[in-house]
Amino acid sequence: MTQIACTRDTRVERRLQAERLIGAKALHEAQALRFSVFSGEFNATLKGAELGLDMDDYDAHCSHIGVRDLATGRLVATTRLLDHKAASTLGNYYSEEEFSLHGLGHLQGPILELGRTCVDPAYRNGGTIAVLWSELAEILNEGGYSYLMGCASIPMQDGGIQAHAIMQRLRERYLCNENLRAEPKKPLPTLDLPNNVICEMPPLLKAYMRLGAKICGEPCWDEDFQVADVFILLKRDDLCPRYARHFKAAV
C-alpha cells in the first residue's frame, strides 16, 4: 500500500510518496542515491563507483523501498530489506559480514534486516523518515516479522571522536544483549576520550532508538565506508508507543 504525506520545513511544503522499488530502473535509482550519499558524505569505497552507483551482491536478493518527491519525481530516500528466507539462501545476513551474531538462531519468529538506508541531505527530517517507516510497516505487517535488525552508521572522519562519544551514551541507555550479542569483527581503534564529550547522534540512529531499538554490542569499523557501524535490534513487541504511529499498520 503506497503511503503519501505532506511534509513542511521552514522553506517549502513537499508531497512525498513511499513506494516499493520494483524492477531494474527503480533499483538503479536507489543505487544512484546511495552512491551520491555514501561517496559524497563518507568518501566511501563503493563497488559500481565507475557507474555512479553503489551496488553489491546482496541487492538482487533484497526488496527495496523508497520515498519520492512527487513535485520533482526524484527518489529522496531508500532502504533495502533482506528477510530470513533470502538470508538462508545466501547463507548469511549482510550484517554478518561485520559482526558475529551470537544467539541469532534462537530468536523466535521471522527476521527482517534493513540495510543501505540513506536520505538525500535536503530531505533529512522526521517527515521523510516517517513516510519511509510507513511503507516498512506495511511490509512488517504482511510478513509477520518479529524482529527488525541492521546497522546504523556513525561517521569516522573525525578520527572516531563522535563514534566513541555516542557509544558512551548508547551503552548507558540502549545496550541489551538479552536476545542477541553482536561481536564486531573489526572493533574501533581505541581512543582515550573524556566522559563529558557530547556529540549529536545521527538522525537514523536516533530514529531507531526512539522506536525502541537496542544496540547489541560494540560497533564495527567499516573502513570502506569510513563509518562505525552499530548493530541494532528492534523487537516488534517492544515498539515505543509514542513512535509506534510510524508503524501503525503493523501494531
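This is a predicted model: local features need pLDDT of at least 70, side-chain atom pairs count only at pLDDT 80 or more; totals for chains, interfaces and linings use all residues.

Reply: Residues are numbered from 1 along each chain as its sequence is written, and side-chain values use heavy atoms, with hydrogens and water left out.

Me: How do you know whether the radius of gyration of the protein chain agrees with that of a compact globule?

Reply: The radius is taken over C-alpha atoms, and the globule rule is 2.2 Å times the number of residues to the power 0.38. For 251 residues a compact globule would have a value near 18 Å; the protein chain has 17 Å, which agrees. The C-alpha trace spans about 50 × 40 × 35 Å along its principal axes.

Me: Why is arginine 80 called buried?

Reply: Buried means under 20% relative accessible area, exposed over 50%, and partly exposed in between (1.4 Å probe, protein chains only). Arginine 80 has 4% relative accessibility and therefore counts as buried. Aspartate 56, at 17%, also counts as buried. Of the 251 residues of the protein chain, 51% are buried.

Me: What makes the pair of arginine 80 and aspartate 56 a salt bridge?

Reply: The term requires a side-chain nitrogen of Lys or Arg within 4 Å of a carboxyl oxygen of Asp or Glu. In this pair the closest N and O atoms are 2.8 Å apart, and the two residues form a salt bridge. The structure holds 16 salt bridges.

Me: Why is it said that aspartate 56 and arginine 116 tie together parts that are apart in sequence?

Reply: Their side chains meet in a salt bridge at 3.4 Å, N to O. Aspartate 56 lies in the loop between α1 and β3 and arginine 116 in strand β6 (residues 111–119), so the pair ties together parts that are 60 residues apart in sequence. Helices (H or I, at least four residues) and strands (E, at least two) are DSSP runs, numbered from the N terminus. The protein chain has five helices and eleven strands.

Me: Which residues do salt bridges that share partners join into one network?

Reply: The network consists of Arg34, Asp54, Asp56, Asp59, Arg80 and Arg116. Within it, the side chains of arginine 34 and aspartate 54 meet at 2.9 Å, N to O, and both of these residues are buried.
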